[in-house]
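Here is a short briefing on one structure. Please look over the sequence and the fold before reading the points below.

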Amino acid sequence: MSSTDIVQKLVRKDIRQMSAYQSASREQTISSGCWLNANEAGGNESLTVLLEHLNRYPDFQPQQVVENYARYAGVKPANVLVSRGADEGIELLIRSFCQAQHDSILICPPTYGMYRVSATAQGVNTISVPLTQEYQLDVESISTYKGQCKVIFVCAPNNPTGTKIKQQDIFTLLEVFKEDALVVVDEAYIEFCSAQTMAPFIAQHPNLVILRTLSKAFALAGLRCGFTLAHNNVLAMMKKIIAPYPLSQPVATLAANALTPANIAIMHTRVTDILARKQRTLALLKNQPWIEHILPSATNFVLFKTKKAKSLFDFLNRKGILIRNQSSQPTLDNCLRVSIGNEDEMKKFYCAVEEFNQVNLNQVSLLGSNKQ
Ligand SMILES: *Cc1c(COP(=O)(O)O)cnc(C)c1O
């Protein structure tokens, strides 16, 4: 029996059928280039850490990280769980609250892909209730699933659209599902629109769960550190199944350091700079002859629609500038997503866009001369 055959014979049927999450780095594996495809921040100061006590197991929940994050988020340390990225928070919520082959989660596409991937990997069903045409929650349709789903994922602001979700709708869901489901608000991009956070409300809503990360505004995607904010009874269930030492000691040391007041101030400056570059990017895109629609962005990325999606994507790709084609997502036909990188990266992007127009112009005039 070949290794393919034995694996195909033994693997869980649902895993055989599922497709793996298409992360930006799995899709495009060239190592040099201008990475504007994964909503990372462009560059961080090099951090160093003293590697000591590596003979010992690290803390189950590193106290300094928990305390610093609680202070930053304005919640109590008892309401903070640290994990290997927000992605692990998603997985732990599904594993601890949804039973395989029995329970369902609910998502509102187009949205972040990991909710469905984690559910499927756990044998949990995914109910999809698409966002409205205005990219808002379809509260009425979602409410019809009362009693049929245990965890509702709301990405706010939403990835990949970049749009805000009305807080009032989240409050309505919390109320409608107060005895039936957890409402998980994924705030991976909250630093780019901080007034939208639901963090002040976890004390009043036992079914409210918030996901946070150091991967975006904190520019530490490589660290793999994320947070779940919730009532301590929710976190207690997640702690039953989390790995005994989810964060390595160097990661914990670096994360605690990233969350000191001085480094939080640096993060705020980075956010201000990114938002300014986003305005310039929006202005540039608005003036393009091929632009059809640009979604209002509350994040560090911009989603835009263009008939030239494929040719622009390919052109940029050949120039070593990687953005993301979202055309395979429902309702996002011909939509591209560009992350707002650092000054240098954005200049490269602007120049390449101008070049793309030039090449197109030349092709149009060539076509014209052929006809004669
Ligand atoms: C990037 C992202 C995450 C993952 O965060 P990690 O902490 O890097 O695992 C979660 N949710 C959304 C919406 C994201 O865009």
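An oxygen atom of the ligand sits 2.6 Å from an N or O atom in the side chain of Ser215. The model is predicted.

**Ligand site**
- The ligand is surrounded by 13 residues.
- Ala86, Asp186, Thr213, Ser215 and Lys216 are the closest of them.
- Lys216 places a polar side-chain atom 3.0 Å from an oxygen atom of the ligand.
- Arg224 also brings a polar side-chain atom to an oxygen atom of the ligand, at 2.7 Å.

**Helices α4 and α10**
- Helix α4 spans residues 63–73, and helix α10 spans residues 249–258.
- Their axes come within 8 Å and cross at roughly 25°.
- Angles under 35 degrees count as roughly parallel, so α4 and α10 are roughly parallel to each other.
- The crossing of α4 past α10 is left-handed.
- On the α4 side, the meeting residues are Gln64, Val65 and Asn68.
- On the α10 side, they are Ala252, Ala255 and Ala256.
- By type, the residues of this α4–α10 contact are four nonpolar, two polar and no charged.

**Helices α5 and α6**
- Helix α5 (residues 85–97) packs against helix α6 (residues 114–121) at an angle of about 45°.
- The axes of α5 and α6 are 9 Å apart.
- That angle makes α5 oblique to α6.
- α5 passes α6 in a right-handed crossing.
- From α5, the contact uses Asp87, Ile90, Glu91 and Ile94.
- From α6, Met114, Tyr115, Ser118 and Ala119 take part.
- The residues of the α5–α6 contact comprise five nonpolar, one polar and two charged.

- A polar atom of the Gln329 side chain lies 3.2 Å from the backbone oxygen of Thr111.
- Beyond its neighbours within four places in sequence, Gln329 is in contact with Pro110, Thr111 and Pro160.

Key:
Residues numbered from 1 in each chain as written. Predicted model: local features only at pLDDT ≥ 70, side-chain atom pairs only at ≥ 80, totals over all residues. Heavy atoms only, no water. Axes fitted to C-alpha atoms, helices over the stretch in contact; angles between N-to-C directions. Helix = DSSP H or I, 4+ residues; strand = E, 2+ residues; numbered from the N terminus. Parallel < 35°, antiparallel > 145°, perpendicular 65-115°, else oblique. Left-handed = near helix turned anticlockwise from the far one by under 90°. Contact = heavy atoms within 4.5 Å. Nonpolar A, V, L, I, M, F, W, Y, C, P; charged D, E, K, R; others polar. Near = heavy atom within 4 Å. Polar contact = N/O pair within 3.5 Å; in protein donor to acceptor, adjacent residues only side chain to side chain.
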